[in-house]
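Keep the structure open as you read.

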Amino acid sequence: MGSFTHFFGVMTGQAIGVPLEPVPYRGAAPLVADLQGGHIAAGCGGITDFLEHHRAGKVRVLFTSGAKRTTAAPDIPTGAELGYPSLNILGWYVFLAPPKTPPALIDAWGNELRAVLRMPEVDRKLTEFGLDVETSTPAELSQLMARDFTRWKSILDSIGYKLPQ
């Protein structure tokens, strides 16, 4: 509860006009098991949790939240493609450092990380998992985070989410 997938599931229900009740799970594995066993009708999670099972025909991923189809699964449409533009939301993974880290060190780490992410074997493996890697500079990441925080505040307000007391 309180995660990207929780909120995205609620947003999906709002978009399609069918209220979806968020049910907390102790990770993706039990969720996938319940989907495969027919114990639940639907679930929401990261593409990396479902892609292997989708490929094996054990679950069916209906759509993704990205702006474009993932390279690893071009057969899976996006929510926006299906007529739900509000479901175009990306999650991101970032590398962070303490606030007083010298800029030269941040730049050096960024250069090394980008070099590793461009390595063919790393790119291939991440793509297989369903991750299409995009890199940025610290300034670009700051702008992305500011935009996303503003958008997520609006989303949380629209679905009526209140922080637990």
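How many nonpolar, polar and charged residues are in the lining of the second largest pocket, by class? The lining has 7 nonpolar, 3 polar and 1 charged residues. Here Ala, Val, Leu, Ile, Met, Phe, Trp, Tyr, Cys and Pro count as nonpolar, Asp, Glu, Lys and Arg as charged, and the others, Gly among them, as polar.

This is a predicted model, in which local features need pLDDT of at least 70, side-chain atom pairs count only at pLDDT 80 or more, and totals for chains, interfaces and linings use all residues. Residues are numbered from 1 along each chain as its sequence is written, and side-chain values use heavy atoms, with hydrogens and water left out.

Start with the overall layout. The protein has 6 helices and 0 strands. These are DSSP runs, numbered from the N terminus (helices: H or I, at least four residues; strands: E, at least two). Along its principal axes, the C-alpha trace spans about 50 × 40 × 30 Å.

Now return to the pocket. A pocket is an open set of points on a 1 Å grid over the protein atoms alone, where a 1.4 Å probe fits, with protein on both sides within 12 Å along at least five of seven lines; lining residues have an atom within 4 Å of a point. The second largest pocket has a volume of about 180 Å³, the space filled by probe spheres set on the points, which are joined across faces, edges and corners. Its lining includes F4, F7, W92, D148 and W152. Both α1 (4–16) and α6 (138–159) supply at least two lining residues each. The largest share, 4 residues, comes from α6.

Those two helices also pack together. Their axes, α1 against α6, lie 11 Å apart at an angle of about 60°. Axes are lines fitted to C-alpha atoms, for helices over the stretch in contact, and angles run from 0 to 180 degrees between N-to-C directions. The pair α1 and α6 is therefore oblique: angles under 35 degrees count as roughly parallel, over 145 as roughly antiparallel, 65 to 115 as roughly perpendicular and the rest as oblique. F4, F7, V10, M11 and Q14 in α1 meet W152, I155, L156, S158 and I159 in α6, with contact meaning heavy atoms within 4.5 Å. This contact has 8 nonpolar, 2 polar and no charged residues.

Finally, take α4 (residues 103–118) and α5 (residues 120–129), whose axes come within 5 Å and cross at roughly 70°. α4 and α5 are therefore roughly perpendicular.
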